[in-house]
Amino acid sequence: MVAFGKKLKERQIAEWQGYYINYKMMKKKVRQYAQQIEIGIQDRRYVLKDFSRMLDNQIEKTVLFLLEQQGLLASRIAKLGEQQEALQEQPDISQITELREAYRTVGRDLLKLLYFVEINAIGLRKILKKFDKRFGYRFTDYYIKTRANHPYSQLQQVFKHVGIGAVVGAISRNLGELQDRQGSYLSIYDQPPLALQDSVIDSMRAAVDRLTHSTNFLNFLAQHALILQEELPAPVDEQVEDQRYHFMSLMLNLANTFLYMVNTYIIVPTADDYALSLGAAATVCGIVIGAMAVAQIFSSVYFSAWSNKSYFRPLIFSSIVLFVGNVMYALAYDLESIVVLLVGRLFCGFGSARAVNRRYISDCVPLKIRMQASAGFVSASALGMACGPALAGLLQYNFKIYKLTFNQDTLPGWVMAVAWLIYLIWLWISFKEPSCEVEANETRQESNAEPAENDALESGIKKPLLTSLEGKEQGEDGDNECEGSDEAPEESRQAATSLRSAYRLLTPSVKVQLLIYFMLKYAMEILLSESSVITTYYFSWSTSSVAIFLACLGLTVLPINIVVGNYICNMFEDRQILLASEIVVCVGIVLSFHVFIPYSVPQYVISGLIMFVSAEVLEGVNLSLLSRVMSSRLSRGTYNGGLLSTEAGTIARVVADSTITLAGYLGDSKLLNVTLLPSLIICISSIIATLCTYNSLY
């Protein structure tokens, strides 16, 4: 992999090279400090003081240059304002056009300045992390606490952007005033959207958003989707409009995500009744629900590979397979065949195109809106999870048309079959396959360009220093650098070519986080899949009651993410939230056991809510960490980080559903405790593993 220091240098604007932080010099100093401490020449206190002084000087150099450039931009805007005032008295179309272009030129120069800040923030964050890792000392915590809010610290000047905001506002207002208003007397303050009708302003606003904390919630959801992105921004003079992006195609991918989640959970409230009506035990619902997850283990791989060549054809195939699967699921009742029922659910799993949905967002959505699209992916999943059981609760009918039965067991299949048929028609009419020519050009550029770093740009800029730094870097500082060399072996640049090679790229801390992901998915699947059997046995709940309970659980997902993304992540380190959430999940599992007689509704509902909500918090934080610590080689290709996390979660669901069915042979009275016991063991194991790797989590 190309060294980060070399990548940093190549992305620098040539005439400003003397004002960037000197990452290479600071990296050498860290090595020298390590050698001096090892042979006893210097002590840690001197190293900390000297490194702090060096960082202060580097940041001050960057900030003073930033202020100087802001002043120059302000002077240019003031002169253009004088010209604009003169044109108010004697309007001239050609001069107005020239003036608008002059404002745009200032805007493009401001974009260069924003990229300057981005690159410095990334370099500063990485050198801090390198120091922490080399000396095993949380220097970053000390440095941020002592500098972040100090009145004389230059650090806050880099990240508050008051001057930059003023320049953006001035350019936006003046360009807005120069637009053809067709006789309107409104200003941009009366109609703010009017100021956005310019590509330069759009680019400036997107760049400023990446440098602020204004989109913490969107960033949290985007990381929740585990869609990895590049860290270093592209040079401003190389910006090209993304021809692969098509809004309706993005909406179709999000709709696919929503419908698939509805399809997954719509049968949960009635699966036990359906199994009983076909002559099987109620606990066979575990196999019925889990059949979809079994097929998804394989479909995730071939859909991920297929998306290397096309997005339209996999989505068409997915829709057809899901349509057929749901029809088979509905027909199983009249055919009186449990085999047809299971094959129908397997077909539904083979139609899982979530890998395609993730890949489309990662590859085809422009960087400036990719975070919103990733957040939309997670929101669509959460909404589908809530709507599935709620819809099942509404389908309480029983009638026949010819020889086909329509009741609470079969209607979920028929409704989803119709939904996928409508989606298929919409997809065929509206989806736009990304241009092959553009894709080929991108492939050629990718083969010559440096691979992406392992952490997302948005996360790195919006939370550059105020939260824990980003995770595990390969080699000594994450770049596979050798002493005195900026290059690494060619094979280290390649994406993983198999699940086995992808697994070899996982560090111990990443494996622990995948174990945590497995644990929380297992616990959630146990809670959801056996809910109908447990509530019927203990409380005699109806299908509608079960559906309401599950829908209420699903509706907690977005509010919980809002609270975590906007507040909790700003108050605590990710690793602290991670460990606390695991402990609360464990508490929820313990409270769910049937120890006292009788087993009450409040105990079940409260313990289930504690388990589910804490698992949701844990999932968000865990995937947020994963998006930052995974190897950059897992950010692209078929066997990417998103696929690995999907496989871990899917396998957990399969194991959980199989556990429910096997435990059913012991009787309904023992089902709850027998299925909760593995959850408790796995949860305790994940807590121990987290404690063992706690210091390596960032």
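Hello everyone. Some ground rules before we look around. Because the model is predicted, local features need pLDDT of at least 70 and side-chain atom pairs count only at pLDDT 80 or more, while totals for chains, interfaces and linings use all residues. Residues are numbered from 1 along each chain as its sequence is written, and side-chain values use heavy atoms, with hydrogens and water left out.

Let's begin inside. How many cavities of 30 Å³ or more does the structure hold? There are six. A cavity here is a set of points, on a 1 Å grid over the protein atoms alone, where a 1.4 Å probe fits but cannot get out; its volume is the space filled by probe spheres set on points joined across faces, edges and corners. Lining means having an atom within 4 Å of a point. Helices α10, α15, α16, α21, α26 and α27 each supply at least two lining residues. Helices, by the way, are DSSP runs (H or I, at least four residues), numbered from the N terminus. By class, the lining has twelve nonpolar, eight polar and seven charged residues.

The side chains of Glu-525 and Arg-653 meet in one, at 3.6 Å from N to O. Glu-525 sits in α21 and Arg-653 in α27, 128 residues apart, so the pair links distant parts of the chain. Both residues are buried, where buried means under 20% relative accessible area, exposed over 50%, and partly exposed in between, with a 1.4 Å probe and protein chains only. The cut-off for a salt bridge is a side-chain nitrogen of Lys or Arg within 4 Å of a carboxyl oxygen of Asp or Glu, and by this rule the count comes to seven.

Another one joins Arg-76 to Asp-109, with the closest N and O atoms 2.7 Å apart. Arg-76 is in α3 and Asp-109 in α4, 33 residues apart. Arg-76 counts as partly exposed because its relative accessibility is 32%, and Asp-109, at 21%, is partly exposed too. Within α4 itself, Arg-104 and Glu-101 pair up at 3.6 Å, three residues apart, about one turn of the helix. Arg-104 is buried at 17%, whereas Glu-101 is partly exposed at 36%. Finally, Lys-29, Asp-50 and Arg-53 are linked in a network of salt bridges.

Which residues make the nonpolar patch of about 760 Å²? They are Ile-320, Phe-323, Val-324, Phe-347, Leu-421, Ile-425, Trp-428 and Ile-429. Helices α13 and α17 each give two or more of them, and α17 gives the most, with four. Patch residues have over 30% relative accessible area and no salt bridge, and nonpolar side chains (Val, Leu, Ile, Met, Phe, Trp, Tyr) are joined within 5 Å. Ile-320, in α13, is partly exposed at 42%.

Last stop, the backbone. Most residues other than glycine have a negative phi. Glu-336 has a positive one, near 50°, and lies in the loop between α13 and α14. Ser-540 has a positive phi of about 55°, in the loop between α22 and α23. Glu-336 is exposed at 66%, and Ser-540 is exposed at 61%.

Note on methods:
Patch = residues over 30% accessible without salt bridge, like charges linked within 9 Å, V, L, I, M, F, W, Y side chains within 5 Å. Areas by Shrake-Rupley, 256 points an atom, 1.4 Å probe, with all protein chains shown as cover. 1 Å grid on protein atoms, 1.4 Å probe; cavity = no way out; pocket = protein on both sides within 12 Å on 5 of 7 lines; lining within 4 Å. Nonpolar A, V, L, I, M, F, W, Y, C, P; charged D, E, K, R; others polar.
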